[in-house]
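User: I am new to this structure. Please take a close look at one helix and its surroundings.

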Amino acid sequence: MTNHLKENDDAISHAIEKYADMVRRICFLYLKNREDVEDVFQEVFLKYFLHVYQLKDEQHQRAWLCSVTFNKCKNLCKSFWRKNVVSIEEMEIPYESPQQGELLKEVLKLAPDDKEVIYLHYFEGWTIPEIAEMKKINVNTVYSRLRYAKKRLRQKIQEV
Amino acid sequence: MDNIDHFKNYMNKIKADTELKENTKNYVREALSDREQKTKRHIGSFLIKDFFSKKVLAPVCSVAACVLLSIAGYAYYTTPVNFVSLDINPSVELGVNALDKVVSAEGINDDGKSLVKRQKIAHMSVGDAINALVTEASEQNYISEDGSTIIAITVESENNRDVTNLQRVCEKGIQSALGSMNRDAVIYKGSAGLSIRAEAEDLDISPGKLKLIQYLQTLDPDVSVGQYRDSSISEIISEANKLLTEDGFPENTNGKPEGIAGEILEAAEQLKKARDESSEGTQDINHDKTKDDGLLKEDSDN
């Protein structure tokens, strides 16, 4: 029994090590303080271990974790308490250039759903149909959000 | 540097710190244990107290906690997160969990099914499993004595680090098996995204072989999957090599072929060497025919 518990413990540790950076990046797009980030981490990973048996392979696990993390972050952003009392802490990483800084600031200003599409498509490399399937929305909706987000970013910044 | 690169470079720097990860691990462990406590309170409020004495309730709840934690861990352990195709002419696909253990093994063709039946590889490390399968394949004479067989390992994964790691581990397993059987072979290492699996299953072919045939189709659009379904990897690679050398191959600025083209040309060159040496009458080929890097950069969009 002890060996079995140790193996489960290892499984928990392994999964968190594997996916923590991905969850942290999504938190970066929406959250500004440490407490919110910890809150998201705890909820997301606890849910993960209770649902992992339903997720048939790594692709599904990543998709599921992305989806739950985005939803949790967006819900936190909407909360009245957070809007009014959240403290802004210095969590920024230095930018490599002014252009990069400007781009990231504009990305962070995008609407929550637009940020999600930008991140999934350009960073995680998901195709539009894959994003549509994950979010259970129409492909055209995803195209529209991406187009709008890109247009808005182009208006604000210039290509190097 | 364009905006996409700026975005990716910055996002790549964002990491979860150790304290955050450790706090999360502790939270998850405790939360799963807390659920057991809630179960205990639930039982206590609805059952007659003297029906369950403390001596019965405490161990029962301890078992419940273990079961709950076990369910989460068991599910995690038995879920394959990556897959490995082994193609010689027997084709086998292994499901590998997050701890690099084999949790499923499927023979794709009849020879592959026979191979899997003869070897109990469930829960082995993937390297040991590959070793066992290649050893069995050698005993069944699927690997020729003149070193002219190509053994293909295709890692199906969305994670580049897992691809590199599994390719390395599987290559070691193959080398170890060949060494113990005093055989030699060309080892071809490839990779594919997980999305290829569904297509391969529809076509009743291994994902590794499908990946190579699809590449062949980019060189010659008249090629069909059916034509090469039952061919060996050596035959497919030989054909691809022929088409590449007829038409020229893509080169990077250093003048070396890149991506899958480079992999195929190198494997074909090793195959030709083995065949030449064999025809010159060399019986014992003891040198290693291994390749350094099989990561197919251009396939990341699969």
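Analyst: Here is a close look at helix α6 of chain A and its contacts. The model is predicted.

Start with the partner in chain A. Helix α6 covers residues 112-123, and helix α3 of chain A covers residues 58-78. Their axes come within 11 Å. They cross at roughly 150°. An angle over 145 degrees counts as roughly antiparallel, so α3(A) is roughly antiparallel to α6(A). The crossing is right-handed. From α3(A), the contact uses A:Cys66, A:Phe70 and A:Lys74. From α6(A), it uses A:Pro112, A:Asp113, A:Glu116, A:Tyr119 and A:Leu120. By type, this contact has 5 nonpolar residues, 3 charged and no polar.

Now turn to chain B. Its helix α1 spans residues 3-12. The axes of α6(A) and α1(B) come within 10 Å and cross at roughly 95°. That angle makes α6(A) roughly perpendicular to α1(B). On the α6(A) side stand A:Ile118, A:Tyr119, A:Tyr122 and A:Phe123. They meet B:Ile4, B:Phe7, B:Lys8, B:Met11 and B:Asn12 of α1(B). Here the count is 7 nonpolar, 1 polar and 1 charged.

A:Tyr119 takes part in the contact with α3(A) and also in the one with α1(B). A:Tyr119 is also among the residues with the most contacts inside the largest nonpolar core, alongside A:Leu29, A:Phe41, A:Tyr48, B:Phe7 and B:Met11. That core has 66 residues. Its largest share, 13 residues, comes from helix α1 of chain A, residues 2-30.

How values were computed. Residues are numbered from 1 along each chain as its sequence is written. Chains are lettered from A and ligands numbered from 1 in the order in which they are written. This is a predicted model: local features need pLDDT of at least 70, side-chain atom pairs count only at pLDDT 80 or more; totals for chains, interfaces and linings use all residues. Side-chain values use heavy atoms; hydrogens and water are left out. Axes are lines fitted to C-alpha atoms, for helices over the stretch in contact, and angles run from 0 to 180 degrees between N-to-C directions. Helices (H or I, at least four residues) and strands (E, at least two) are DSSP runs, numbered from the N terminus. Angles under 35 degrees count as roughly parallel, over 145 as roughly antiparallel, 65 to 115 as roughly perpendicular and the rest as oblique. A crossing is left-handed if the near helix is turned anticlockwise from the far one by less than a right angle, and right-handed if clockwise. Contact means heavy atoms within 4.5 Å. Ala, Val, Leu, Ile, Met, Phe, Trp, Tyr, Cys and Pro count as nonpolar, Asp, Glu, Lys and Arg as charged, and the others, Gly among them, as polar. A nonpolar core is a set of buried Ala, Val, Leu, Ile, Met, Phe, Trp, Tyr and Cys residues joined through side-chain atoms within 4.5 Å. Buried means under 20% relative accessible area, exposed over 50%, partly exposed in between (1.4 Å probe, protein chains only).
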